[in-house]
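Trainee: Please take me through the side-chain packing of this model.

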Amino acid sequence: MTDDLTHGGAVGATVWLTGLPSAGKTTIARTASDALRTAGRRTHVLDGDELRARLTADLGFSRRDRETNVRRVGYVAQLLASHGVTVLVPVIAPYADARHAVRAHHEATGTAYVEVHVATPVEVCAARDVKGLYARQARGELSGLTGVDDPYEPPDTPDLRIPAHEQSSTESAEALVALLREKGLA
């Protein structure tokens, strides 16, 4: 299979935003996408929740299923990025080995890949509780919540670590866009 690594001269990239539930990944991805689009970039946000409802609805939340989810999402992101799209992927992706596999696939195909750790502490995420997951887990209605009773392996050396609990989503997105510019990807 041959990939067209540019589209209209634009180099695409996958920007993988990993972090705990309610860390701010999707908000940062959408804000950065808007800024990039305003600057003339082709972007797409591959939202983890939307993909779980459609692309990976057949998967549960076992380690194996979570790894399969990450691989599938990574494959779709790489396809889009190989055609000149800046793909922002706000997905928990709790296991380091699955994220490494996605990066390796991108490297093997010559597609740019940027890993961003949205490093919001679990206490802050639980207080935000955007989807009510932490409350459900506390009531015993949910088990396997990443970062609480299921592991989350933060990246050791992400391309960018965003302390989203210490700055606004706009500031976080600006830091991300600045990194992409530094790398020649925006």
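This is a predicted model: local features need pLDDT of at least 70, side-chain atom pairs count only at pLDDT 80 or more; totals for chains, interfaces and linings use all residues.

Mentor: Residues are numbered from 1 along each chain as its sequence is written, and side-chain values use heavy atoms, with hydrogens and water left out.

Trainee: How many residues of strand β5 are buried?

Mentor: Strands (E, at least two residues) and helices (H or I, at least four) are DSSP runs, numbered from the N terminus. Buried means under 20% relative accessible area, exposed over 50%, and partly exposed in between, with a 1.4 Å probe and protein chains only. In a regular strand the side chains alternate between the two faces of the sheet. Strand β5 covers residues 86-90 and is largely enclosed by the rest of the structure, because the buried count is 5 of the 5 residues.

Trainee: Which residue in β5 is the bridge partner of Thr43?

Mentor: Two strands pair if DSSP finds at least two bridges between them. Strand β4 (residues 43-45) pairs with β5 in the parallel sense over 3 bridges, and β3 also runs parallel to β5, joined by 5 bridges. For Thr43, the partner in β5 is Thr86.

Trainee: How are the rings of Trp16 and Tyr113 arranged?

Mentor: Rings of Phe, Tyr and Trp (its six-membered ring) pair if their centres lie within 6.5 Å; planes under 30 degrees apart count as stacked, over 60 as edge-to-face and the rest as tilted. The structure holds 1 aromatic pair. Its members are 97 residues apart, with Trp16 in strand β3 (residues 13-18) and Tyr113 in strand β6 (residues 112-118), and both are buried. The ring centres of Trp16 and Tyr113 are 6.5 Å apart and the planes at 35°, so the pair is tilted.

Trainee: What is the distance of the charged end of Arg63 from the ring centre of Tyr95?

Mentor: A charge sits over a ring if NZ of Lys or CZ of Arg is within 6 Å of the ring centre and within 35 degrees of the ring normal. Arg52 lies over the face of Phe61, at 4.1 Å from the ring centre. The charged end of Arg63 sits over the ring of Tyr95, and its distance from the centre is 3.8 Å.

Trainee: Is Thr18 buried or exposed?

Mentor: Thr18 belongs to strand β3. Beyond its neighbours within four places in sequence, Thr18 is in contact (heavy atoms within 4.5 Å) with residues including Lys25, Val91, Arg99 and Tyr152. Its relative accessibility is 0%, so Thr18 counts as buried.

Trainee: What is the relative accessible area of Val70?

Mentor: Val70 is placed in helix α3. Leaving out residues up to four places away in sequence, Val70 touches Trp16, Ala93, Ala98, Arg99 and Val102. Val70 is buried, and its relative accessible area is 2%.
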